[in-house]
Every structure is written in C-alpha cells, then in structure tokens.
Amino acid sequence: MRIAEISSTPEHRRATATAESDHSTALSRIESTIKSLERHLPAHPLPDSFSSELRQALAQLSQLAPFPNSTKLLVWKLSYRLWNTCVDLANASAAKIDEEHAKLRQVAAQMLFLTADVVGIPSPAFKSALFFYKTGLIWYDLKKFDSANNCFEKATDLVSDIEINSVSDDDERKLLLDLNISRSKAAWEVSDRNLAINLLNRSKNVLFGVCRNYNALATQYLTFGKTMLSASESSAVNEALKLMNEALELCEKGLRVVKRTEETLNLKELRLKTLRFIAAAHLQSDEFESVLKCVKVLRDVGIGGDHHPSLSVLAMKAWLGLGRYGEAEKELRGMVMNKGIPEGVWVSAVESYFVAAGAAGAETVKGVFLGLLERCHVSAGAAIRVVNRLVGSGLSNGEGMKVRASVVTELVSDERVVMLFDGEGAAKDRTTMHALLWNCATEYFRSKDYPLSADMFEKSMLYVPHGIENRILRAKGYRVLCLCYLGLLQLDRAEEYINEAEKLEPNIASSFLKFKIFLQKNDHSSAISQMQAMPSCLDFTTDFISLAAHEAVACRSLLVATASLSQLLNFYSSGKSMPTNEVVVFRTLVTILIQDSANDDDVLKNMKKAHHRQSEIGADLFFGKSEVGRREKNWFAGNAWNFGVRTGQEKKYDLSAEFFKLASEFYGVVSDGEIDGDNDVMVCKSIILSVSAIIADKKQGKSTMLETEVRQAIELLGRAGKILTTSSANIRKNDDQVTTIEPNFFFIYTWTAYDLYSRLSDTDAQQLLLVKNFAGSKSCNPNYLLQIGLEASQGPRSNPEVATFALNASLTSLLSSPSPDYQSVALVLRKLISIGTLYKGDKDEDSIIEMYKQAYRIMVGLKEGDYPIEEAKWLATTAWNRAALPVKMGRFESAKKWMDIGLELTVKVPGMHTYRSCMEEYVAGFEKKLNRKENESRTRGMS
C-alpha cells in the first residue's frame, strides 16, 4: 500500500475534519469577542470579561496545535484586528491606559507567538517580537515590571536565533537595541543592577554604526549613572562614574564612526553633558582636582569652549573644597560679570560660597552684592530677586541662618540699596521688598528667634515711607516689634514701641499689647485698669477680654484673670450678643477661683450669680439644651456639692451650709430633656446636709438660733422630708434606673429635724412622731436609734419620752439580731435605767425592776465575757445599792426585792464571788432580823 493511500483512509479524514471544526470553534469565539470589543465605548472602562474570554479561547486553541497555515494566517489576521482595536480605543479615550488594556495587548502578542512559524508573512518573528515589545512598554509604564520583563524576554526569544549580521532593515535593527535597553530598564527597576548593566553591554553588539543607537545607549548609561549619583553613597558614586565613563566612551566611538555633521551634534552635546555629570560625581566624592580637570577640558573644547552655567559653580565648589577661597571668589565674581548665567545659578553659587566660607566670608558676600550694584546697575526689581533668592522660602537653622540673616539685613539697610526704592516709580517694588522682609521676619518670629525677627522687622520699616497714607502700616510694624521685644522680655523697649504705635493708630490691638506688658511686669493694678479701658476703643470686641483672661491665666495672675472674666460677664447682663455662652465664662471663672482655697467666698458668690442668671433667662438659654445643658448644670451642682463637702470637712460650716443649699437649687433646675423630679435624690441630700451644717455652725460657735432661723430651716428641711416619703425613697430616673437615698441620709434628716424641733417649745409630740416614723422605716438600724436616744436623754433640751422610745426600739432591734452587739445592749439598758431613775424615781419602781430582770434574762445562757463585765458589775452593784434607801425607810419588801436582784446578777458576773458571800450573809442576817420583827409584832398583836 502506497503512502498516499494510507494517508487518505476514512479515519484520517474524519480526524482532520474534527480538528478543523475545533479550530473554527475557537477562532469564532475569538472573533466574536473582538467584535464585542470593537463595539465598546471608549469613554467606559474596559471590563475584565474581554481578556478573560480571549485567554480561554486562546488556551483552547493552543491545545489543538499544530495548525495548518490557513489557520495560522487567520490567527494573524485576528491578532492584528485585536491590536488595532486596542489602539483605536486608547486613542479615543482621554484616560490613561490601564491593566485591562495591557492584558488585551498581551493576548494579541500571544496569538502571534502561537503561530510565529506562519508561511506567507515576511519577518514573522520580528513582527511578533514587536507586539511583545510594545506590550512590555505598556506594562512598564504601569509599574508592572515582572509582566513587562516577561514580554521583553519573549520578544528576545523570538529574535534570538536570527543572525544579527543578516538584519538589514532599520526598524528591525532599532527593535534589537530597544529590546535590550528596555529589558535593562526593567531589570534596574527591580534592583537587578548586574543584569541591567549586562544587558546594556550586550547592546553594544547591535549599534550597527547608527548615530541614533549610539545616542540612545549612551543616554541610558548616563541615566543609570545619574540615578546612582543621587544615592549619595561613596560606592554608588564609583559605580555612577563607571556608567558615565561608558556613556562618554560611546559618545567618543559614535563621533569616530558617524561622519555626517548634523548627526554628530547630538552626540557632541551628550558628550559635554556627560562630562559635566562626571565632574559633578567627582565633586560629590570630594575629588576636587578631577573636577577642575573636567572643567578645564570642557572650557577648552571646540572653538569657543563650553559656557554652561554649571561650570562656574562646579569650579567654585571645587576651589572651595580645596580651601582656595581666592580662586573660588574669582569664579564667583566672574559669574557676576557673565550676563549669560541665570540669576538663580548665581545666587546658588553665592550661597555655596557663603556656606563654605562661613562667618568669615560674610563681608566678601556683602561686597559681591554691592559690587553687583555698582557694575551692573541693578534695578530695584533685580535687588528684590537677589534678596528673595538668598532668603528663599525659609532660612535654614543654625549658625548659617544667623550669618545669612546678617548679610540680608546689612544689604537691605545699605543706603545704595534703599535709594533704589526711592521715588514714586518704585512704589510697587518698595511694597514687594517690605513684604519680603516682613515674611522673613515672620518666619523667624514663628520659630521664636526673636532677636533676628526684631532686626528684620526693623529693616522692613526702611521700606515704609513716613507719609500719612502709610500711618497704619507703620503702626503695624511698631506693634510687631513690640511683640518681638515682649518675647525677649525687654518690656521697657516693648512699651516704647507700643506707645509709638498707639500715637499713630489707637486701636484695640495696641490697648491689648499694653495690657500684656503690664501683665508681664506683674503690675496687676495697671493691667486691670488697661483691661477695663479696652471697651472704649472703637474696634473693641469682647474677644479681647476673653483673650486677656487667657493671658492672665497663662501668667498665673489669677486676680487679673478673675477681673477680666467678671468684666466679660457684664456684657452678658447688658444683652449683647456674645460668641461664648455665658455659662462657659462662669464655669471658667469658678475653675480659676477653685485653685486657691482662700477664694471660697468668691466661688460661692459667683456660683450664686450663675444661679441667679439662669433664673433670669431660663435654664435652656443659660445652660444650653439637651446633653450639653445637662452636663453644664451638673457641673455647677456637682462642684457646689464638692465644696460643701470640703468646707464641711474643714469645719467651715457656714460656707458648707450655703454650698449645699446652692447645690440643691442647681439640682432642682429642670433643663431641656429632663423630667421634673429626675434629680430629687440629690436635692434631698443637699438640703439635709445644708441644714445639718447650719446646726453644726451654731454648735461650733455656741450661739443660739433665732426662732425665725429655726422655722426657716424646718421649712427647708420639709422639702427633703417630702422627697424621702415619696415612693419609699425610690425615685425613678430615665425610666429604667432606680436611685435610692442611702439610709444614713434618713438618719441625718431625722436627727436634724429632731434638733430643730427641740429648739422650739411645745414640740415634744412632733419629736416623738418623727422618731417613731424613722423607727418604722427600712432605713432604720439600732445604732441610729441608740444615737437618737442618747441625744434625747441629755442636755437642756432632753426629751425622756423620745429617749425611752428610741432606746427601747434600739434594744428590741439589737436583741432580734442573730449576733447581738451586747456592748450596745448594755449601754441601752444602763441608759434606760438611768432615764427611769431620773425622771420616774420611786413612782415607777416596778418598771425599773423589770429592766434589771430583763438584763438578767439576757445574760442567762451567755458565755463568759459575751456581756460586758463592767456593765454586769454596774447592774449588780446598783441593784444591791438601791436596797439601802428602802431599808432606811422601813420598806423591807422593796429592799428584799432589790437585794434578790443584786444576788441573782452577781451569779452572772465573773469575779464577784466574794461580794456574793458578803451579800448572802447580809441577806441572811436581814431576813432573821425581819423575821424577828415580824414575830414581835405578831406577839404584840396577840397580847
């Protein structure tokens, strides 16, 4: 069988048909996507669906390789169609090419790469490489250096097998060089410098003796060299020199190879430029002799030499580096005479000379400036430009700043310079020079260099004429000079300047500065007088009073600060519209006064004023609305409370009472967003403590309260009593919170009210009712009742009925406890027995006996020491001693009761056994005597 017959079997034909069908499907997908892309509007961003679909179709197509040549041609056609569509979209859109666009270009390049062996298309490898090269440039511009490098490498692979000598087309030769340079740039961007330089070295093989190629490669060497030079490292400078020398060598070779004059001009210019950068590199590495050699070569080149402005600067800096200031000065003065040198270069050279020479070169620099005036007839505008270049946007710090400032001040104060700005024609330049010096002085002032600032401000005044039309500007200058000398603490000099300013323009700024001077001098009375005179100024605003207060606080002059704030408050009373809320001023004033405890009276006075003002204008207007208003109100209330606590602790009860009363009034204010009664708890507490402080004050001074004072206190305390009885002292707050008054406040209220009622006549019943109500409350405890009982049992205003009730209630409560306090129990029993004895005597002897028996019953079952031994001894001895009087009076039954009680109690008292024996003997003898008397009386009765 022949090969032709084998190849035409049915199976082979079917396979071929299937492959062609798959090719057609993939190509149709690609073409369909390209058509959609052609319809895309350039103004809209490209979606990622285009590149995604094209990559999928291309992947599907690549699996069907190899392709017939007809399919390859179709792929090339579609690739160019896709590329041209991308170009049209890029040209029609004003937006920068994005990554999606680059992806589409890459698909077009990969399509050519897949069919690079197509037949019928000239130089297919170069065309495919060109697509990858241009796509790589796009990726490079997008800073996607890995993608860019990938494209450049694929392009290089496509043309790597082509013999270089066989390439004759100019565009193809250009592509070979551009590919190497682009790969080198991409490698440089990812810090692969060795590869980057290696690729540049390879590029020397594809120059083809073309001028443009020499120029392009030398330029790239120079670019890399300049980049290395900017690193300012010694090793980097050496590498930069190597690269620049490569560039210089390429220029030399190019000039030897290229003969056409018009083509050598660019190379010659690039050679001079390279030499200048080589000189700069030598200067950076402090190789000053090499710099001078480069400059000499440049100046000697050609017929007229190179007159680039940088050469004089390089030469001058090299001479400065060698310490030869005379030659450096010659270069500098030569630059002055060279009209072709830009002014900026000249000024930069002057600065460099000045920095190198230091303070010793100040006079030289000044002479150069003034020499420029003499030889070049500098106009006012030129003088402004020179000063502006020297001053710059802001002078640097350090010694150089001071010397340069000195040069500027000497220059602008020279009569020859000032004369340039004389006359009506120079009015605009004069204004510009004044503004320049003013701004410079302002920068010094902001950096707190007040001596230089003052000097510069004074020199700026030379450019302000003395005419009446400049009166305001001169006054402004005097005011800033006053500020400078204030900063230097030269207060007398500052006062002189502000007095001059006030003569020219009497205004609030001058008045305030005078206030500030008095403040710095600690002349507080003059400062206050000056502050009080400020409202008489025509341009006065209340902001200056606020500022005066701030200044006074900063100077720790609290007297002046409080006077300023008090003055400010007067403007609120007059109804003036004010930028700051009145409550803020009051708060600030109180905050200042708080710093010294000696100001407690003033704090109270101003807080009362604040409360009075809120009563006048309303809480919402005074404190503010919503949360802000609540915070302000609570600040005053809280501070009044704190002052009440502190002054109470310091035993200043009169002030404490006033502060607590004021706190209750502030807490009682209902502001926006609050419900009436929200702060009742704090109102109640404040009132209770206020009244208790009033009582403490009277007791401390041992003075008597007038009846009117007592009734006023009772009326005030009545408000607290109503709050205490409301809802069992549980006050709802914000619907979900419950605030409870602490039990000790119930006790203080009861104790205080009892004390007040005790100061009035016929109030025993009210006192008893008050204590009974307290005893029935949940806040009561036996210790509180004990204190009330003790208070009611002693002193000139004692109430035995209240004392008895309170002590009995306390005893009941103590005994009901799981662990009674027997010390308190013993004290209560002793006090009850004492009260019964004092106020009832023998009339109610049975009740007193019952108290002793109750004490005995309490002691039964207790361990030794549980009940206080001394108290038990007291009970036993007092009970025994109580029998003495009945014995004398012949009341033997009563005496026998007391003796029996005494004997019973001694059983419970450790250490009384001896006493008990004596007592028993006495009782036995007493009983015999008693029995004998009874028998005798019975016998007498029978007889």
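The points below are grouped by topic. The structure is a predicted model, and every value is computed from it. Among the features covered are helix α6, whose residues are mostly buried, 13 of 18, and a search for aromatic pairs that returns 28 across the whole structure.

**Helix α6**

- Helix α6 covers residues 124-141, and its end C-alpha atoms lie 26 Å apart.
- Of the 18 residues in α6, 13 are buried, so the helix is largely enclosed by the rest of the structure.
- K143 follows α6 and has a positive phi, near 65°.

**Second largest pocket**

- The second largest pocket holds about 370 Å³ of space.
- Helices α33 (653-667), α34 (680-701) and α35 (707-725) are the elements that each supply two or more residues to the lining of this pocket.
- Helix α33 makes the largest contribution to that lining, with seven residues.
- The lining comprises 17 residues in total, and those nearest the pocket centre are E658, K661, I694, Q712 and L716.
- By residue class, the lining of the second largest pocket contains eight charged, seven nonpolar and two polar residues.

**Positive phi angles in loops**

- Most residues other than glycine have a negative phi.
- R556 is not a glycine, yet its phi is positive, at about 60°.
- R556 is located in the loop that connects α27 (543-554) with α28 (558-573).
- The relative accessible area of R556 is 56%, so this residue is classed as exposed, the cut-off being over 50%.
- D762, likewise not a glycine, has a positive phi of about 60°.
- The loop between α36 (743-758) and α37 (764-775) contains D762.
- D762 has a relative accessibility of 77% and therefore counts as exposed.

**Aromatic pairs**

- The whole structure contains 28 aromatic pairs.
- One of these pairs joins F445 and Y450 in an edge-to-face arrangement, with 5.3 Å from centre to centre and 65° between the planes.
- Within this pair, F445 is partly exposed at 26% relative accessibility, whereas Y450 is buried at 16%.
- Y852 and W898 also form a pair; their ring centres are 5.4 Å apart and their planes meet at 85°, so the geometry is edge-to-face.
- A cluster connected by ring pairs comprises F586, F622, F623, W635, F636 and F666.

**Charges over rings**

- K154 places its charged end over the ring of F113, at 5.7 Å from the ring centre.
- R193 lies over the face of W188, and the distance to the ring centre is 5.1 Å.

**Buried helix residues and their sequence-separated neighbours**

- F50 is part of helix α3 (residues 49-62).
- With a relative accessible area of 10%, F50 is buried, because the cut-off for that class is under 20%.
- F50 and E100 are 50 residues apart along the chain, and their C-alpha atoms are separated by 8.6 Å.
- R404 occurs in helix α19 (residues 399-413).
- R404, a buried residue, has a relative accessible area of 12%.
- Between R404 and V391 the C-alpha to C-alpha distance is 8.0 Å, and the two are 13 residues apart in sequence.
- F745 lies in helix α36 and is buried, at 8% relative accessibility.
- F745 is 21 residues from L724 in sequence, and the distance between their C-alpha atoms is 9.3 Å.

Definitions and conventions. Residues are numbered from 1 along each chain as its sequence is written. This is a predicted model: local features need pLDDT of at least 70, side-chain atom pairs count only at pLDDT 80 or more; totals for chains, interfaces and linings use all residues. Side-chain values use heavy atoms; hydrogens and water are left out. Helices (H or I, at least four residues) and strands (E, at least two) are DSSP runs, numbered from the N terminus. The expected span of a helix is 1.5 Å times one less than its number of residues. Buried means under 20% relative accessible area, exposed over 50%, partly exposed in between (1.4 Å probe, protein chains only). On a 1 Å grid over the protein atoms alone, a cavity is a set of points where a 1.4 Å probe fits but cannot get out, and a pocket is an open set with protein on both sides within 12 Å along at least five of seven lines; lining residues have an atom within 4 Å of a point. Grid points are joined across faces, edges and corners, and a volume is the space filled by probe spheres set on the points. Ala, Val, Leu, Ile, Met, Phe, Trp, Tyr, Cys and Pro count as nonpolar, Asp, Glu, Lys and Arg as charged, and the others, Gly among them, as polar. Rings of Phe, Tyr and Trp (its six-membered ring) pair if their centres lie within 6.5 Å; planes under 30 degrees apart count as stacked, over 60 as edge-to-face and the rest as tilted. A charge sits over a ring if NZ of Lys or CZ of Arg is within 6 Å of the ring centre and within 35 degrees of the ring normal.
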